[in-house]
Amino acid sequence: MKQLKARVTVAALAMAALLGGVGTLGVGTADAVTPTPGTTTPAVAAQAATTQAISTHAATTSHPATTPHPATTAPKSPCPTNRGRVVCVDLTHQKLWIQDGSKLVFGPVAVRTGRRGYVTRDGLWHIYWRDLHHVSSIYDVPMPYSQFFTGGEALHAVGIPMSTPPGSHGCVNMTVHDAQIAWKLLRVGDVVDVFGRKPGT
């Protein structure tokens, strides 16, 4: 019964993402909202259960091993090698990896970035806010494992395949599995380098 509820919740999250409910609303419109201490909205109240369901689903679903990848050197890219830990987001190839200097720490893994009209901003950014149980203030849908890096755009989990068209509203979507690993590896202040251009945008 618990697994059935988890699957239903994950399906609801997937539908919200397909309807465009995950991400940010265009360039410059922040999606991040910090709830007032001591207050709870229905979405915030439901978020803990939703994230638990997603975690349960992730735990009971077969995923690639989280052991170190065979490659130890980060792919060639514009990502700086003199800034410590850096998240590299390759829009052209829809890939993300984390490197420390020139050493590959995690990835590359598939991601889903902004669609036409809502392209993920390129540039060198820093993670400025992390919210494990974030709920979109625009669409009122869960954005688990959110790590915001520019104007409301965040790395966060979604419950749909990364190949699902047309893309996000600017956020960098990740599988739950990959978002959980990124959450454990990153901290506020870590660099996010977004480069390239998504095909079709």
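How many residues lie between β6 and β7 in their hairpin, and which residue in the turn has a positive phi?

**View 1. The hairpin of β6 and β7 in the predicted model.** Strands β6 and β7 form a hairpin with 2 residues between them, and Gly 151 in the turn has a positive phi of about 45°. The two strands run antiparallel and are joined by 3 bridges, and within this pairing Thr 150 stands opposite Glu 153 in β7. Strand β6, which spans residues 142–150, is mostly covered, with 9 of its 9 residues buried.

**View 2. The hairpin of β5 and β6.** On its other pairing, strand β6 is joined by 6 bridges to strand β5 (residues 129–135), and these two strands run antiparallel. Arg 130 stands opposite Gln 147 in β6. The hairpin of β5 and β6 has 6 residues between the strands, and Asp 140 takes a positive phi near 55° there.

**View 3. The buried pair of Glu 153 and Arg 121.** Glu 153 is found in strand β7, which covers residues 153–157, and has a relative accessible area of 1%; because buried means under 20%, Glu 153 counts as buried. Glu 153 forms a salt bridge with Arg 121, with the closest N and O atoms 3.0 Å apart. This pair links distant parts of the chain, since Glu 153 lies in strand β7 and Arg 121 in the loop between β3 and β4, 32 residues apart. The side chains of Glu 153 and Arg 121 also make a polar contact, at 3.0 Å, and both residues are buried.

**View 4. The pair of Asp 100 and Arg 85.** The count of salt bridges in the model comes to 2, and one of them joins Asp 100 to Arg 85, whose closest N and O atoms are 3.8 Å apart. Asp 100 lies in strand β2 and Arg 85 in strand β1, so the pair ties together parts that are 15 residues apart in sequence. Asp 100 is partly exposed, with a relative accessible area of 35%, and Arg 85, at 24% relative accessibility, likewise counts as partly exposed.

**View 5. The open sheet of 5 strands.** The strands of this sheet have the order β3-β2-β1-β9-β4, with mixed pairing. Strands β3 (103–110) and β4 (123–126) stand at the edges, and each has a single partner strand, so one side of each is left without a neighbour in the sheet. Neighbouring strands are turned by 20° against each other on average, direction ignored. Strand β4 is joined by 4 bridges to strand β9 (residues 191–195), and the two run antiparallel; in β9, Val 194 is the bridge partner of Gly 123.

**View 6. Helix α3 on the sheet.** Helix α3 (residues 176–185) packs on the sheet and touches β1 (85–90), β2 (95–100) and β3, and its direction makes about 155° with that of β3. Of the 10 residues of α3, 8 are buried, so the helix is largely enclosed by the rest of the structure. Among the buried residues of α3 are Val 176, His 177, Ile 181 and Trp 183.

Key. Residues are numbered from 1 along each chain as its sequence is written. This is a predicted model: local features need pLDDT of at least 70, side-chain atom pairs count only at pLDDT 80 or more; totals for chains, interfaces and linings use all residues. Side-chain values use heavy atoms; hydrogens and water are left out. Two strands pair if DSSP finds at least two bridges between them. Axes are lines fitted to C-alpha atoms, for helices over the stretch in contact, and angles run from 0 to 180 degrees between N-to-C directions. Contact means heavy atoms within 4.5 Å. Buried means under 20% relative accessible area, exposed over 50%, partly exposed in between (1.4 Å probe, protein chains only). A polar contact is a pair of N or O atoms within 3.5 Å; within protein, one must be able to donate a hydrogen and the other to accept it, and residues adjacent in sequence count only if both atoms are side-chain atoms. A salt bridge is a side-chain nitrogen of Lys or Arg within 4 Å of a carboxyl oxygen of Asp or Glu.
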